[in-house]
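Open the model in your viewer and keep the selection panel at hand. Here is a short tour.

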Amino acid sequence: MDGASNEPPVGTEQRHPTTLARDHYDVVVIGAGMAGLALAAVLAKDGRRVAVLEAIHYPGGCASSYEDRGAWFDVGATTVCGTDAGQPLHMLFDEIGPFDGFLACQPSLSVVVDRRRLDLTTDRRLWYDRAQSFFHQDLRRFWDEVFSVSDGVYAALPKTPFVPPLSVRELVEDLPGLNSDLVRSLPWMLRSVGSRLRRYDLDGGTFRRFVDAQLLITNQLGADQSLMLSGALGLSYANSTVHSVRGGLISLARFLESRAKAYGAEVVYLHRVTSLRREGAGWSVATKRGRRVTADRVVSAIPIFNLPEITEADVAAHFRSLVDRVRQSGVQMWSAVTMTAVIPDTLPRPFPVHLQVLPDRPIASTEASSMFLSFSHEFDAGRSPAGTRTLSVSMHLRPERFAELRDAASYDAWKAQIGPEVIAAIRASVPELCDLNPLRYEIGTPRTFRRYTSRADGMVGGIPLDRRIFPWSYPRPTTPFEGLYTIGDNVFPGQGIPGVVLGALSLRRRLNAEDR
């Protein structure tokens with residue numbers, strides 16, 4: 001077993017910078033994560049001259065993959081959903097063409113609590129029966145509310161061009177897209193999930209623990225801070241189709257890149273943006289390699305926390321104020337600790353691809369009370385050497401907990417604890433994995449995310465849609481500056497691949513409306 005302290009490598013892609021063909025573009029997108037690539041593809045399809053500037057040498061950002069000794073690992077344990085009719089990825093693929101690298105997960109997700117496994121399913125009648133039997137509580141009315149909100153949102157998305165509406169005109173254009181499910185949900189849509197649990201006498205016990213754990217991985221929040229509007233989407237995501245990606249998440253990122261390029265967009269790597277400033281009626285963008293281009297519009301797909309350092313004057317002041325407001329709100333921001341491992345292919349068949357584990361007690365080194373495990377799909381043989389599977393484990397970590405490790409010796413000692421504790425917790429919690437014995441593993445920390453994804457403070461998961469700032473103070477895609485926009489998991493609609501893709505599609509509609 002290899003518990004080496006070296007940070008994991010990030011792959012074997014070419015590490016030399018690519019070049020830009022023009023000096024001026026209609027739109028420059030900063031960041032080749034899923035949001036930036038999706039936006040580039042649809043804007044280029046619309047006929048706009050688009051360039052995407054990426055700081056590192058591969059696409060996908062913090063939703064990508066890296067290669068190590070013949071095995072491909074996703075950066076974190078990640079599901080892909082949102083592909084059903086009316087959902088964001090379905091809408092995107094309708095625009096740019098289908099992606100053929102999905103492998104369906106059955107069950108969509110499993111949760112282990114008290115050494116018992118609950119398999120989630122897209123069959124709602126079966127889900128009701130399983131949940132009732134597992135938790136020994138009457139859950140139907142609560143779950144009816146969850147599905148009423150999520151069904152209403154997904155039915156409305158293709159018919160509401162602006163998410164969120166930011167003006168009276170946009171609101172008027174959105175109104176025809178509202179449906180009976182959404183209207184019926186309005187009285188409690190902006191109340192907390194916790195309040196709805198109390199309404200049905202479900203606040204406590206194993207079910208509340210299950211709900212809090214589900215919301216932590218989808219909304220980065222517990223039930224008392226999650227609104228039903230976003231909480232319902234987070235709680236119901238595994239009752240929709242969930243996929244693994246053949247070859248890892250980087251395959252999906254490469255597909256989006258290829259579609260963007262097919263429509264004429266340029267995607268360049270190793271061009272870290274160091275300066276963004278207004279120039280005349282447009283914007284000037286400079287990179288670390290001395291390249292400078294201008295654009296009519298610039299869209300930042302990197303975190304708002306990174307923007308003060310590359311902007312100046314009133315633009316920098318705006319983003320500093322926005323960052324300060326989020327930090328001072330009391331909203332808990334998160335980083336993550338990951339363990340990526342190669343394991344013998346001895347898993348029982350069938351066995352879940354995605355498994356959320358709630359151990360009896362928190363992991364001592366990370367204080368995590370939930371672990372999310374993703375195994376490479378059994379039909380994705382190319383992900384690792386013959387006779388093996390890959391495993392990615394992800395746990396939330398408070399950034400302030402990591403900040404306490406101020407010296408190298410403390411950091412190394414802390415990091416050395418993590419692997420053995422995680423393996424022991426999995427063995428103790430999941431009966432089918434009681435003999436888990438990785439052939440090798442690596443540990444990723446906030447330092448890893450900061451180094452390889454350039455995210456400030458190693459923060460991942462986005463800004464939670466917390467009741468304290470959402471909806472009124474949550475960062476929006478528009479800015480006070482003409483021609484400057486933001487997308488990604490720090491901006492509404494927020495977290496996850498479906499969320500950032502929806503944000504990209506909504507901004508595309510807004511730009512087209514501005515040009516009408």
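Predicted model: local features only at pLDDT ≥ 70, side-chain atom pairs only at ≥ 80, totals over all residues.

**The cores.** Select Leu-92, Phe-142 and Phe-207. In the largest nonpolar core, of 129 residues, these three touch the most other members. Helix H1 (residues 34–45) gives this core its largest share, ten residues. Now select Val-393, Ile-426, Leu-436 and Tyr-441. They are among the 32 residues of another core, which lies apart from the largest one.

**Around Phe-207.** Go back to Phe-207 and show its contacts. They include Phe-135, Leu-139, Phe-142 and Trp-143.

**Salt bridges.** The model has 38 of them. Start with Arg-117 and Glu-432, whose closest N and O atoms are 3.1 Å apart. Arg-117 sits in strand S7, Glu-432 in the loop between helix H13 and strand S17, 315 residues apart in the chain. Next, pick Asp-515 and Arg-297, paired at 2.8 Å, N to O. Their separation is 218 residues, with Arg-297 in strand S12 and Asp-515 in the segment after helix H15. Asp-515 is partly exposed at 45%, whereas Arg-297 is buried at 12%.

Move to helix H10, where Arg-254 and Glu-257 lie about one turn apart. Their side chains form a salt bridge at 3.1 Å. Then select Arg-198, Asp-203, Arg-208, Asp-212 and Asp-224: salt bridges link them in a network.

**Last stop: Thr-218.** Find it in helix H8 (residues 205–219). Is Thr-218 buried or exposed? Thr-218 is buried, because its relative accessible area is 17%, under the 20% cut-off. Its side chain reaches the backbone oxygen of Gln-214 at 3.0 Å.

Key: Residues numbered from 1 in each chain as written. Heavy atoms only, no water. Helix = DSSP H or I, 4+ residues; strand = E, 2+ residues; numbered from the N terminus. Buried < 20%, exposed > 50% of the residue type's maximum accessible area, 1.4 Å probe, protein only. Polar contact = N/O pair within 3.5 Å; in protein donor to acceptor, adjacent residues only side chain to side chain. Core = buried A, V, L, I, M, F, W, Y, C linked by side-chain atoms within 4.5 Å. Contact = heavy atoms within 4.5 Å. Salt bridge = Lys/Arg side-chain N within 4 Å of Asp/Glu carboxyl O. Lists of a residue's contacts leave out its neighbours within four places in sequence.
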